[in-house]
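Dear colleague,

I am passing on the structure that we spoke about, with notes below on what was found in it. Please read them with the model open beside you.

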2 protein chains.
Amino acid sequence: MNTVPEDIALAVEKGRSFLLATHIYPDGDALGSLLALGDILKVMGKDVFLYTEEPVSHLYEFLPGSDGLGERLGDVARFDCAIALDCGDRFRLGRRADRILTVKPTLMIDHHAGHKLFGDLQWVEPGRSSTGEMVFELSRRLGVGLSRDAAFCLYAAIVSDTGSFKYSCTSPRTMRIAADLLDAGVDPAEVAGKLFDNFTLNRLRLLKRVLETLEMHADGGIAIILATRAMFADTGTRGADTENFINYPRSLATVRVAAFLKETDESLVSVSLRSKGEHCNVARIAALFGGGGHRNAAGFKCPNISLEEVRVGLLVRLRELMATGCGGDEAQGR
Amino acid sequence: MNTVPEDIALAVEKGRSFLLATHIYPDGDALGSLLALGDILKVMGKDVFLYTEEPVSHLYEFLPGSDGLGERLGDVARFDCAIALDCGDRFRLGRRADRILTVKPTLMIDHHAGHKLFGDLQWVEPGRSSTGEMVFELSRRLGVGLSRDAAFCLYAAIVSDTGSFKYSCTSPRTMRIAADLLDAGVDPAEVAGKLFDNFTLNRLRLLKRVLETLEMHADGGIAIILATRAMFADTGTRGADTENFINYPRSLATVRVAAFLKETDESLVSVSLRSKGEHCNVARIAALFGGGGHRNAAGFKCPNISLEEVRVGLLVRLRELMATGCGGDEAQGR
């Protein structure tokens, strides 16, 4: 917790052969940070292996270098340093977490709040918008100029985790780093286009179906949408195609809490929760169902249960949340 | 065209009583720039009248000072300086354009390309993301510190015209100005929430109906959506509620050109066009129908004609556009 970025930079300078890893189901910040740091280390003349448990989602194939990630970890004795990026919990490193952590030292670079510290050196700053922002600063400390590809990956990481500079985690520093990355030759419209204008026609058809399920409760304070297995089958889509759908109910002016329930392939109901304002903590709701997250963005999964059962049980909890201050004046005023 | 910002600053310093105006149907950049410059001039001890032809849309009522705009221009002899903001054409100043332009000097501050110069001193920089960015720079030249309200309005102006830093007009300078505005106390999530999370339930219902009309042509390169009078009536919405709807067809990965046709109240069909890439100029298409705009964002209006007639005529032109390079390799690669 007290590790300063200088210590991380020193450890990086010392190492020769690096294992880089990030959390499972990696998002834009996870992959962008991983690829950019890999590029930086290669420029420094280090050996680098970028590990991922599963193939990169088609949504992130546009990130330069994403075809160079490896799913076969192999013998970790060949590494003299591991770096875990954007990962607040050792279990989120995936099935090979124990093996990764046998590498000494394992460094952790992360911006998540409520992280569960692991590894040998931890640089954790919840005040940062993204891990990408931290990797940018590390590159400065290391005195390494960013390649255009690395700048592109870091810009994509920041845009991903700030919702294109819309979320409250966006700071003046975030903006100045973004400016430096644009100076390095990144085209902001290209990144935004790849991250946000990535709808397939089937995905838009799924969105139409999902929007038809919209239900409102508690005087418009609660909004719920659903995606059933039938909808995925009818439209030829899958779980990953619902990214950002939660933002539609969230965007309603009266809504304080939005929920998106989907039946994914493995007889599992996945729930995403979003809230607005300081008084509406959906991480607490998610925890009741065995999940986790941040105050305004959380989620959980329920195996072997029907969508309808989850919906009914969740609605009870959301109504309680609304009744205990979430719909209060201060929250409404935001 | 050759006026430098210094000349504008000098003229502002000389004036005592100012008339500020912007284009009709003002958007976030127009109103944000107008309100911020009004605030700046008041801080300088000037008399200021902010003119608007029509009441401010409910979408922009959150801008501080938006309740202080006046629709009654009155005798313009009381002004010794007028400033037209974000307005590339005198006709876009509205019905009172001639009266406004009798004020000497009339200054013009604008970032639109293909502007038709008018007024006495013109500061036009098409390379700027927004007029808000230019008003920020003017405040620096005038040596006036921004109030929190002025900073908020300028940030909203920039976010509006860059689509939250997604469009190609976003430059490193845009980002650094945004950083300075955040330093002045602006909450980025508050601005984004007010600008983008402003859906009413009726508006979401309208979106569902409009998405159902989606049609694709030219191997997925052209996407068209429609809003009929019946849809507005059924959902209790009006033309202004369709803001940003054009982004849904535009967000499809295969789409090069997107069109949104709507039947507005006055037996008028309004058409918005969006395109991607350098080779797909929708301003040229709009010009064929008597409209105008930018390369990647344009529009036109057709009175006394059916939606279906416009759709058929437009589709012919869009197919021609696709056939003449718009769907080419370079454009596809973006």
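The contact between the chains takes 38 residues from chain B and 38 residues from chain A, where two residues are in contact if their C-beta atoms, placed from the backbone, lie within 7 Å. On the side of chain B that touches chain A, the elements giving two or more residues are helix H6 (172–183), helix H7 (188–196) and helix H8 (201–212) of chain B, and the largest share, seven residues, comes from H6(B). Helices here are DSSP runs of H or I with at least four residues, numbered from the N terminus. That side of chain B divides into 19 nonpolar, nine polar and ten charged residues, with Ala, Val, Leu, Ile, Met, Phe, Trp, Tyr, Cys and Pro counted as nonpolar, Asp, Glu, Lys and Arg as charged, and the others, Gly among them, as polar.

Please note that this is a predicted model, in which local features need pLDDT of at least 70 and side-chain atom pairs count only at pLDDT 80 or more, whereas totals for chains, interfaces and linings use all residues. Residues are numbered from 1 along each chain as its sequence is written, and chains are lettered from A and ligands numbered from 1 in the order in which they are written.

The model scores ipTM 0.86 and pTM 0.87.

With best wishes
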